[in-house]
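Here is a short report to read alongside your structure. Take a look at the model, and then we can walk through it together.

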Amino acid sequence: REALRKERTSRTSVEGDATKERHAAAELQEQNAALHAHNIALQRAREALHRERDAIAHERDQVIERLHAAESALLHTRARMLESDRQAAAAEEAARFAEYKESHALAA
């Protein structure tokens, strides 16, 4: 009788251990599945961030190109204004010189 009781106790203990192991394995599988889903979500978020970063870099590059074009146009406009001012000053100088010559010619 005692031997049967010990065997039953031992069998119950072994069955209990096996059940605990099955529960632990199932829990680990659930955790693994959750981690896998989380990793997939993180990968998708990372990819979205990379796409957003690339789009921002492209937009920045376009803004820089437009800025350079505007600076170039401004420099060309400034050069034309300076040339126009130089020509106007030369014309004024020529007109003053002509007046000077004319006034001296009349005086002579």
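## A pair within one helix

Arg96 and Glu92 are four residues apart in helix α1, so about one helical turn separates them. Helices here are DSSP runs of H or I with at least four residues, strands are runs of E with at least two, and both are numbered from the N terminus. The side chains of Arg96 and Glu92 meet in a salt bridge, at 3.8 Å from N to O. That term means a side-chain nitrogen of Lys or Arg within 4 Å of a carboxyl oxygen of Asp or Glu.

With a relative accessible area of 46%, Arg96 is partly exposed, and Glu92, at 48%, is partly exposed too. (Buried is under 20% relative accessible area, exposed is over 50%, and partly exposed lies in between, using a 1.4 Å probe and protein chains only.)

## A third partner

Glu93 also forms a salt bridge with Arg96, at 2.8 Å from N to O. These two are three residues apart in helix α1, which again means about one helical turn between them. Glu93 is partly exposed, at 44% relative accessible area. Through shared partners, salt bridges link Glu92, Glu93 and Arg96 into one network.

## Another bridge in the helix

Which residue forms a salt bridge with Arg86? The partner is Glu83, and the closest N and O atoms are 2.6 Å apart. Both residues belong to helix α1 (residues 2–107), where they sit three residues apart, about one turn of the helix. Arg86 is partly exposed at 47% relative accessibility, as is Glu83 at 32%. Over the whole structure, the search finds five salt bridges.

## The overall picture

The protein has one helix and zero strands. Its C-alpha trace spans about 155 × 15 × 5 Å along the principal axes. The radius of gyration is 46 Å, whereas a compact globule of 108 residues would have one near 13 Å. That radius is taken over C-alpha atoms, and the globule rule is 2.2 Å times the number of residues to the power 0.38.

Buried residues make up 0% of the 108 in the protein. There are 18 positive and 20 negative side chains, and the centres of the two sets lie 13 Å apart.

## About the model

This is a predicted model, in which local features need pLDDT of at least 70 and side-chain atom pairs count only at pLDDT 80 or more, while totals for chains, interfaces and linings use all residues. Residues are numbered from 1 along each chain as its sequence is written, and side-chain values use heavy atoms, with hydrogens and water left out.

Terms used:
Lys and Arg count as positive and Asp and Glu as negative; His and the chain ends are not counted. The place of a charge is taken as NZ of Lys, CZ of Arg, CG of Asp or CD of Glu.
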